[in-house]
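Colleague: Please take a close look at one part of this model for me. I would like the nonpolar core and the sheet beside it in one connected account.

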Amino acid sequence: MYAKLENNALKYAPHYLILNNKTILNPQENDYINAGYKEVVYGDMPLCESGEIIVENYCEDENKITVNYTLEDIQTQDET
């Protein structure tokens, strides 16, 4: 899966691309990379207990976006 990180949110790649004034209906890996998208790698999701929520955190490097997860108390989220 490919995406871009915009305003700390993942914007997933569409099923088709417009690249260099050409519509690509079945984009390949290189097409996504040339359009500025990066491969998304997901970490292990923790088990959530009562009173907790799972929060996604993103780490972007030159070639990929890694999605990691943390647990936070619901009360902590409500206070912010």
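Modeller: This is a predicted model. Start at Tyr 32. Leaving aside residues up to four places away in sequence, Tyr 32 touches Tyr 2, Ala 13, Pro 14, His 15, Leu 17, Pro 27 and Tyr 37. Tyr 32 also belongs to the largest nonpolar core, which has seven residues. In soluble globular proteins, nonpolar side chains tend to be buried together.

Now the sheet. Tyr 2 is a way in, with Glu 39 of β5 as its bridge partner. Strand β1 covers residues 2–6, and strand β5 covers residues 38–42. The two pair in the antiparallel sense, over two bridges. They sit in an open sheet of five strands, ordered β2-β1-β5-β7-β6, with mixed pairing. β2 (9–12) and β6 are the edge strands. Each has a single partner strand, so one side of each lacks a neighbour in the sheet. From one strand to the next, the twist averages 45°.

Ile 53 counts as partly exposed because its relative accessibility is 28%, and buried means under 20%. Ile 53 lies 16 residues from Tyr 69 in sequence. In space, their C-alpha atoms are 9.9 Å apart.

Key:
Residues are numbered from 1 along each chain as its sequence is written. This is a predicted model: local features need pLDDT of at least 70, side-chain atom pairs count only at pLDDT 80 or more; totals for chains, interfaces and linings use all residues. Side-chain values use heavy atoms; hydrogens and water are left out. Buried means under 20% relative accessible area, exposed over 50%, partly exposed in between (1.4 Å probe, protein chains only). A nonpolar core is a set of buried Ala, Val, Leu, Ile, Met, Phe, Trp, Tyr and Cys residues joined through side-chain atoms within 4.5 Å. Contact means heavy atoms within 4.5 Å. Two strands pair if DSSP finds at least two bridges between them. Helices (H or I, at least four residues) and strands (E, at least two) are DSSP runs, numbered from the N terminus. Axes are lines fitted to C-alpha atoms, for helices over the stretch in contact, and angles run from 0 to 180 degrees between N-to-C directions.
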